[in-house]
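Subject: Structure for your review

Dear colleague,

Please find below the structure I am handing over to you, together with its sequence. My findings follow directly after it.

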Amino acid sequence: MVRRRKKRFHTNNEVRIAAQTLITSKTDLHGYITYCNDDFIHYSGYTEKELFMQPHSIIRHPDMPRTVFKLLWDYVQNGKEIFAYVKNLSKSGSFYWVFANITPSYDANNNIIGYYSVRRQPTAIGIQTADGLYKEMLKIEETEGMEGGEAYLNNVLKSFKKSYNQVIYELQYKG
Ligand SMILES: Cc1cc2nc3c(=O)[nH]c(=O)nc-3n(C[C@H](O)[C@H](O)[C@H](O)COP(=O)(O)O)c2cc1C
């Protein structure tokens, strides 16, 4: 089934995040924000009160394919870290690209108790690659849903002969 969502207000105004910035947040098991730092507050444009215990999709940009978030959740719920380029939407309607590393957090008994994301300034090649890929994936999702999106992404990865995390990591650090 192809799900259509109402597009949130967004503009073409891009905000570039500063070089040394670390935008961090922690969530519970369902992606509700339990902590975010000052940089998160600054770039999202919301107050801490507006963000606390809100779903992370509060900053979801309509240009992001659903397939990317499915992949993200598949990885972290299975105890694995994931790297991802994410286009985020601020309260004002501007967008800002981030390079995110998302990891599960564990208790002393090895149970996952939440998730943690650290976002850095993305490389130009990373943004350019993700932007092109996501545009194609969105188009495919429109007609073929997430199955189509996943199949497309898997084909792209096959052509690189690398895992998803490897491709993303290399775009950031070896691009
Ligand atoms: C630790 C963590 C950080 C996340 N950070 C973001 C983020 O910066 N932007 C975003 O759109 N989604 C982020 N997500 C994914 C959201 O939980 C959600 O899956 C996504 O926004 C899509 O929401 P939707 O399925 O309601 O459209 C994060 C999830 C976790 C676990």
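Strands S4 and S5 form a hairpin with 5 residues between them, and Asn110 in the turn has a positive phi of about 70°. Helices (H or I, at least four residues) and strands (E, at least two) are DSSP runs, numbered from the N terminus. This is a predicted model, in which local features need pLDDT of at least 70 and side-chain atom pairs count only at pLDDT 80 or more, while totals for chains, interfaces and linings use all residues. Residues are numbered from 1 along each chain as its sequence is written, and side-chain values use heavy atoms, with hydrogens and water left out.

S4 (residues 95-106) pairs with S5 in the antiparallel sense over 8 bridges; two strands pair if DSSP finds at least two bridges between them. In this pairing, Ala100 stands opposite Arg119 in S5. S5 (residues 112-120) also pairs with S1 (residues 23-27), again in the antiparallel sense, over 5 bridges. Here Thr27 stands opposite Tyr115 in S5.

Ser94 lies in the loop between S3 (82-89) and S4. Ser94 has a relative accessible area of 6% and is therefore buried (buried means under 20%, exposed over 50%, partly exposed in between, with a 1.4 Å probe and protein chains only). The side chains of Ser94 and Asn13 are joined by a polar contact of 2.9 Å, that is, a pair of N or O atoms within 3.5 Å; within protein, one must be able to donate a hydrogen and the other to accept it, and residues adjacent in sequence count only if both atoms are side-chain atoms. Leaving aside residues up to four places away in sequence, Ser94 touches Thr11, Asn13, Val15, Asn88 and Leu89, where contact means heavy atoms within 4.5 Å.

Turning to the helices, H4 (residues 124-160) and H5 (residues 164-173) have axes that come within 8 Å and cross at roughly 150°. Axes are lines fitted to C-alpha atoms, for helices over the stretch in contact, and angles run from 0 to 180 degrees between N-to-C directions. H4 is therefore roughly antiparallel to H5 (angles under 35 degrees count as roughly parallel, over 145 as roughly antiparallel, 65 to 115 as roughly perpendicular and the rest as oblique). Among the H4 residues that meet H5 are Ile125, Leu157 and Phe160.

H3 (residues 66-77) packs against H4 at an angle of about 45°, with their axes 8 Å apart. These two helices are therefore oblique to each other.

Yours sincerely
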